[in-house]
Amino acid sequence: MASSIYLHIPFCATKCYYCAFNTYPFHKEQAKDYLVALREEMALYAPRTTPLSTIFIGGGTPSMLSAAALTQVFADLNAHFQIRADAEITVECNPGTVDAEKLNVMRHAGINRLSFGLQAMQNETLKQLGRSHTVADFLHSYQLARDCGFDNINIDLLFALPKQTMAEWQDTLTKVISLAPAHISVYNLVMEEATPFYEWWKAGELPLPSEDTEADMFHYAIETLTARGYEHYEICNFARPNRTAKHNLVYWNNQACIGLGTGACGYIDGTRYANTRGIADYIDILQRGIKPVTHAERLTEQAEKAETLMLALRKREGISLAAYQERFGEEIETELGEIYGEWIDLGLLERTETHLRLTNRGLFLANEVFVELMS
Amino acid sequence: MSKPLKNIRNFCILGHIDHGKSTLSDRLLEHTNTLAEREMRAQVLDLMELERERGITIKATAAKLDYTTGGQSYELNLIDTPGHVDFTYEVSRSLAACEGAILIVDAAQGVEAQTLANAYLAIDNDLEIVPVINKIDLPTARPDEVRRQIEEVVGIPGDEALLVSAKVGIGIPAILAAIVNRIPPPQGETDAPLKALVLDSVYDNYRGVIMYTRVFDGSVEPGQKIQLMETQRAYEVEEVGIFTPQLQPVAALHTGSVGYIIAGIREIDKAKIGDTITHHATPTPIPLPGYREMKPLVFSGLYPADTHQFHALREALEKLRLNDASFNFEPETSIALGFGFRCGFLGLLHMEIIHERLEREFGLVLVRTAPSVMYRVSLKSGEFIGVDNPAHLPELHHIERIEEPHVNIDIIVPREYIGNAMELCQKRRGVYKRMNQLDAQRVQLLYELPLGEMLTDFYPKLKSLTRGYGSLEYDIGDYKPANLVKLDVLLNGNPVDAFSTILPREVADARGKALVSKLKALIPRQMFEVPIQAAIGNKIVARETVRPLRKNVTAKCYGGDITRKRKLLERQKEGKKRMKQIGSVDIPQEAFTAMLEMDE
């Protein structure tokens, strides 16, 4: 049983050069069929949910859908699932794709959180990333959202971008902090295969900052954001008090979540699954009333342990010793064996009264730790 | 039925690498219908996949060709020979089974170092030489010039050279005619006691040892009891046969013929190459002279990247040795690399081939340490020891003297590159011997230099300094004393035995600095600072530091795709496993061969 849903809207106006997400150009007719298929899929999963406490509508660009289409999606969700009154319901928006009408529709449908993919505060940088909006577009969209009454807004930022200097990154952070959003995510750019950036990078044509600059940028973000009242509660995530992303915490606590839509991933009753990535395929399968799952893996206990540790250690508070013991019937220390002591000696891990967590240093080297957790 | 001796010819094809030996063999097989065309594959005699890929012959092989001319039918036994300096011993072995040799020279390249070396081997073995100028179809062919070189440089009449293109099939009948007319038939007593030479031996899982042999006197057939004269062991012959080039059983092998004998021998060491086979009951009184046994010259450690593969590596080495008695191995322990084997090889190519075969045919992943020669060390205590692993060199104050093996090298280069070639030899502690003018364009340079200097990149450097035109041949020379020291490398304060090298005192400091900075570039940043030091005895001669890793954290799990993230981490872990951990420092495999690619 699950009490969270991720719903994927796979359309984007353009594809950013670094993006490896499952996205396609928008076709009105196809979008219509897609929403019908989504409804079918909701019906298949409805019996496997308890009242929902988080919903995340991501993409792609969900905000590309028309106000009418968005209304439809929310009506379908409400028809199939029970949604708790205090549920966190997020929609991902791209600057420049929302207007007052859409925002009002969302607001009335019960959406209480927006996530804007801004990435950077310089037009030149946005252009180099292949983003389809300007800084002004973002400011306009953000203001509209605030005017509509959205007070729980996240802004996604990227650092370690080609040619990006420390000064530029500082400029981006300063400007974003001045907008006082409830939540800020800072992600370092990752080279994903099958993206233009990856190809350019392989060809030696993408001047990325050095590892040291990247570390300095990350360090600066942590220092600045925490000094300005944002709680650093996950490696890449910062929130004002009581504004942590509940939906993302579901992932980090390795709890069940249903994934709906093309390429969406879910985790239910100990099994991880992924849906087919193609839109036509997705629609076709659901017309036959079958779940569009292409990969499913029942986690071994070992895999579940590794994933639980890897996800929970992303949180600044770390992993709850009691929760781990309750879930797996053994202590973390026993599971980790030798490396437990080694990591503490290396200053990567530390133990509090109730939790095991990454140190400040460990935070920067989280991957080195996670790799060792793998069997 | 056996052929009278006058209708048998035993010959081989000699020449510099790439001058077309294997292609010519194929053409001869084709022309005598030894193989139907559909059986023809380019370079039939190169049996191993690796041989075909590298375009070189490693093991000698043979084929019997049936050829009719002037109303007479002949049995022509072609013995293919390896074409690389590391395998010279195989060439000389093949020559002992022949009365004549085709010396193949590339019409565009002309006489090269190996052409000369092989021609001299043939002359030493009293073989009749049939010179052949190959590749005359090339636009750059200079047959008249090459004819002159054969006459003046090699010293055999140039007007006897046949003009051939093995590739397009020009001049093949003339070669066959020359084999019959110019190469003498084998001598031998058909009624004398059996006297046959073991040319080579290979191991077959089902049949045991298959001995390749040339019968000099008498004959041999299944059911007879034979004896190997050196090992004094007797065996019953199960099968005899000829090479077509596949093995084909026959009723008997007669005087003058080349073929194989299977006699239930289970260990390849019992069928020593060069040994004489005779009848147990009526042995020949005098064995054949045999061969000088080849001793390994180049030594290197082979270690499984995954320590669990140690036993698999041992089994693989044992299997390979069944077919190649010219390399040896013994268990060795390295503090850095764990359990592995010290292996001795005939040369660098031999080493690379064995390494590659172990990985390819047995699915192993290996770490190979830098190659070393065998040093002779006299200790102050009056004792002498051989050191083939630099890590085992005793401490300096125990050492009276170190001697290292030298080679006599013979380099042929176009005139404009003499300077480059000499400079390279000089840098590698070479001692100039002589220079010979070969023709208007090319000279032959003779140097003596330490074999150890040839192990670090010498041949590739020579090639690049001469734009690919330089050719090289060497002969093993004497051991000579030198002022040598051991250079150690310490990682994080711990000496890494696999990085130790022995080198001349005067270059040790500079080499230490270069090695340390090379290692700095190869060793990834770790969770802590890693000092890299080079030391001679207790004296640190160079130091660099690998700064600690500062950041390795991936942004997020895309749309909750946690499985993908986990798989990614699992792959990274696999990658880490392939590195060697020393102390707690992860070292990638390239680091262990860094010594080999040092810039001058």
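**View 1. The loop between strand S2 and helix H2 of chain A, with A:Gly60.** In this predicted model, A:Gly60 is placed in the loop that runs between strand S2 (49-59) and helix H2 (67-80) of chain A. The peptide bond leading from A:Gly59 to A:Gly60 is cis, and its omega is near 20°. Most peptide bonds, by contrast, are trans.

**View 2. The loop between S6 and helix H7 of chain A, with A:Ala194.** Although A:Ala194 is not a glycine, its phi is positive, at about 60°. The residue belongs to the loop that joins S6 to helix H7 (196-202) of chain A. A negative phi is found in most residues other than glycine.

View 3. A:Glu301 and A:Lys305 form a salt bridge in which the closest N and O atoms are 3.8 Å apart. Over all chains, a search of the whole structure finds 48 salt bridges.

**View 4. The contact between chain A and chain B.** Chain A contributes 39 residues to the contact and chain B contributes 28 residues, and the area buried between the two chains is about 3,500 Å², with carbon and sulfur atoms giving 55% of this area. Of the area that chain A buries against chain B, 17% is supplied by A:Glu211, A:Asn367 and A:Glu368, which is more than any other three residues supply.

**View 5. Salt bridges and polar contacts between chain A and chain B.** Between the two chains there are 10 salt bridges, and one pairs the side chain of A:Glu297 with that of B:Arg566 at 3.0 Å, N to O. The count of residue pairs in polar contact between chain A and chain B is 15, with both residues at pLDDT 80 or more. Elements giving two or more residues to the side of chain A that touches chain B include strand S5 (153-159), strand S6 (183-188), helix H8 (211-227) and helix H11 (301-312) of chain A. By class, the residues on that side of chain A comprise 23 nonpolar, three polar and 13 charged.

**View 6. The crossing of helices H7 and H8 of chain B.** The axes of helix H7 (residues 310-323) and helix H8 (residues 348-362) of chain B come within 11 Å and cross at roughly 115°, and the crossing is right-handed. Among the residues making this contact are B:Leu313, B:Leu317 and B:Leu320 of H7(B), together with B:Ile354, B:Leu358 and B:Phe362 of H8(B). The contact of H7(B) with H8(B) has seven nonpolar, no polar and three charged residues.

Terms used. Residues are numbered from 1 along each chain as its sequence is written. Chains are lettered from A and ligands numbered from 1 in the order in which they are written. This is a predicted model: local features need pLDDT of at least 70, side-chain atom pairs count only at pLDDT 80 or more; totals for chains, interfaces and linings use all residues. Side-chain values use heavy atoms; hydrogens and water are left out. Contact means heavy atoms within 4.5 Å. Buried area is the accessible area (1.4 Å probe) that two parts lose on being put together, summed over both. A salt bridge is a side-chain nitrogen of Lys or Arg within 4 Å of a carboxyl oxygen of Asp or Glu. A polar contact is a pair of N or O atoms within 3.5 Å; within protein, one must be able to donate a hydrogen and the other to accept it, and residues adjacent in sequence count only if both atoms are side-chain atoms. Helices (H or I, at least four residues) and strands (E, at least two) are DSSP runs, numbered from the N terminus. Ala, Val, Leu, Ile, Met, Phe, Trp, Tyr, Cys and Pro count as nonpolar, Asp, Glu, Lys and Arg as charged, and the others, Gly among them, as polar. Axes are lines fitted to C-alpha atoms, for helices over the stretch in contact, and angles run from 0 to 180 degrees between N-to-C directions. A crossing is left-handed if the near helix is turned anticlockwise from the far one by less than a right angle, and right-handed if clockwise.
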